[in-house]
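This report describes selected features of the structure shown below, chain by chain. It then turns to the contact between the chains.

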Amino acid sequence: MSAAVECRGVTVRFVTDRRTVTALRDVSMAVEAGGFLSLLGPSGCGKSTLLRVVADLVKPSAGDVSVFGMAPAAARAARTLGFVFQDAALLPWRTALQNVELPLEVGGRRELPKGAPTPRELLKLVGLEGWENSFPHELSGGMRQRVSIARALLGGPRLLLMDEPFGALDEITRDRLNEELRRVWQETGTTILFVTHSVYEAVFLGEQVLVLAANPGRNAALVTVDLPRDRDLSIRETPAFTTIVSGLRDSLGRGH
Amino acid sequence: MSITADTLMDDPGLKEAEAAHERARRRLAWRRRLLPVAGILSMLLLWWCLVYILEVPPFVAPSPVAVATTLVAKWPILMANLVPTAIEALVGFALGNIVAIIIATVFVHRKTVEEAFFPVVVLINTIPVVAKAPILVLLLGNGMEPKIAIAALICFFPTLVNMVRGLESVNPQAMELMRVLSASEREIFFKLRLRNSLPYLFSALKIAASTAVIGAIVGEWIGSTTGIGALIIQSMYNFDSAMLYATVIVGSAFSVAFFGVIIAVERLVVRWQPANPV
């Protein structure tokens with residue numbers, strides 16, 4: 001299978017007056033098209049930075065990155081990717097629907113590709129039918145994050161980059177959104193790169209989990225999640241799930 | 001699973017609770033209206049008592065009754081003098097704020113210009129208004145122009161500072177979103193920065209609404225024959241304290257009305273809740 005995202009020997013350094021931080025050192029990874037890769041690691045391991053390198057928000061100091069065979073900048077310009085931030089990053093003066101429509105209004109006015117779901121359909125997909133005309137301050141944290149997922153899905157991106165999108169939500173909302181994200185992934189066939197520091201979330205969501213170690217951020221382990229495609233939350237109580245989780249805890253421990 | 005209007009209707013105590021809330025709300029609304037009125041009336045009464053008991057002569061301080069009589073008797077003169085002051089304040093307000101918004105836009109997009117000229121702006125702002133006035137009168141003559149210039153200068157600084165802050169304090173993740181969407185600087189400005197700056201702009205405009213009137217009045221103190229400022233100086237020289245107070249009341253009533261208009265416009269324009277309140 002062809003790789004959706006491929007990083008080879010990516011190094012990112014941030015030079016400041018006080019010190020130079022190596023956020024990533026020689027990190028390599030690959031996700032196949034239609035895959036779901038969780039990036040797991042402690043804070044400061046550079047997992048968000050790696051996502052930003054793929055999105056062309058951060059330039060790597062060294063290494064090669066390709067997104068569907070293109071350079072990240074070209075992939076971004078071609079709207080190959082959608083990004084979901086930790087903070088929903090909705091524009092507070094726009095309604096839910098207008099927020100989802102934003103990608104059509106910037107970066108050169110563009111039409112929705114033929115057959116692609118409309119903003120209304122996407123809001124329905126994330127379970128927000130009837131909330132189209134609500135403003136962000138009228139929505140709960142979970143609902144705001146759903147809007148931002150709908151916005152990222154507009155135009156049918158082939159790659160979805162998610163930076164701890166559920167990190168600030170309560171556990172109950174987070175569990176529900178985890179289930180729904182699996183469903184959205186299966187329905188849309190989008191490749192997803194998902195950053196998290198929750199081992200459970202990483203295993204429940206991902207087909208593969210890439211563990212990064214901190215200081216500097218580097219590859220620690222790559223684990224394939226051998227669980228059925230159709231998952232609900234009860235899978236977290238199965239022995240298979242528990243085995244993968246404890247295996248990941250080991251590799252997280254070894255990273256230190 | 002979801003709560004609908006119907007399930008809420010099943011709650012037997014709902015109607016009663018809503019009615020009680022409505023009563024409390026109405027009581028609070030009346031409280032908010034009546035208490036300030038009571039405060040102002042008691043101060044007027046205190047003023048009147050002091051003037052009456054201490055037998056303050058009319059050329060030192062008038063009684064509130066004398067001021068009210070003057071307000072009615074001299075209404076045409078007061079209004080005739082309010083018009084030039086109002087024009088100067090409004091034109092100065094418009095001019096000062098528009099220039100501030102334009103310069104803030106330039107500053108945000110061209111850091112070099114900001115670094116070079118922001119200190120100049122701060123220096124000009126440190127000159128007191130009463131010191132700027134004679135300079136501008138010499139430069140611009142004795143008509144409305146120097147007063148407009150003073151009103152404009154006085155509005156300019158708070159708006160510039162707030163506007164730069166409003167344009168720059170954009171949610172960093174919203175900024176990254178715009179980059180992911182390959183938005184141009186122009187799109188970022190109109191779709192993100194400008195909207196983001198509106199709450200900041202309005203808090204500056206509210207300050208500017210009252211300071212613009214102050215600027216126009218101070219301008220009129222220096223060699224002017226019409227306007228609220230000129231009337232204040234004339235009344236003072238004539239020891240006509242009732243007229244002086246009446247003029248001051250007209251001037252501040254105009255300020256308050258101007259301020260009220262800005263608040264009304266703000267309510268129309270800024271309908272969302274800012275993410276981080278200004």
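Chain B is divided into domain 1 (5–53) and domain 2 (64–269), with bounds that come from an automatic or database domain assignment. Taken over C-alpha atoms, the centres of domain 1 and domain 2 of chain B are 34 Å apart. An unreviewed UniProt entry lists residues 78–269 of chain B as "domain: ABC transmembrane type-1"; such annotations may be inferred rather than shown by experiment. This span is 88% helix and 0% strand, and its end C-alpha atoms lie 34 Å apart.

The model is predicted: local features need pLDDT of at least 70, side-chain atom pairs count only at pLDDT 80 or more, and totals for chains, interfaces and linings use all residues. Residues are numbered from 1 along each chain as its sequence is written, while chains are lettered from A and ligands numbered from 1 in the order in which they are written.

The contact between the chains takes 17 residues from chain A and 19 residues from chain B, two residues being in contact if their C-beta atoms, placed from the backbone, lie within 7 Å. On the side of chain A that touches chain B, α2 (72–77) and α3 (96–105) of chain A give two or more residues each. Helices are DSSP runs of H or I with at least four residues, and strands are runs of E with at least two, numbered from the N terminus.

| Class on the side of chain A that touches chain B | Count |
|---|---|
| Nonpolar (Ala, Val, Leu, Ile, Met, Phe, Trp, Tyr, Cys, Pro) | 12 residues |
| Polar (the others, Gly among them) | two residues |

R231(A) lies in the loop between β9 (218–224) and α8 (239–254) of chain A. R231(A) counts as buried because 20 C-beta neighbours lie inside 10 Å.

Terms used. A residue is buried if 20 or more other C-beta atoms lie within 10 Å of its own, exposed if 12 or fewer, and partly exposed in between; C-beta atoms are placed from the backbone.
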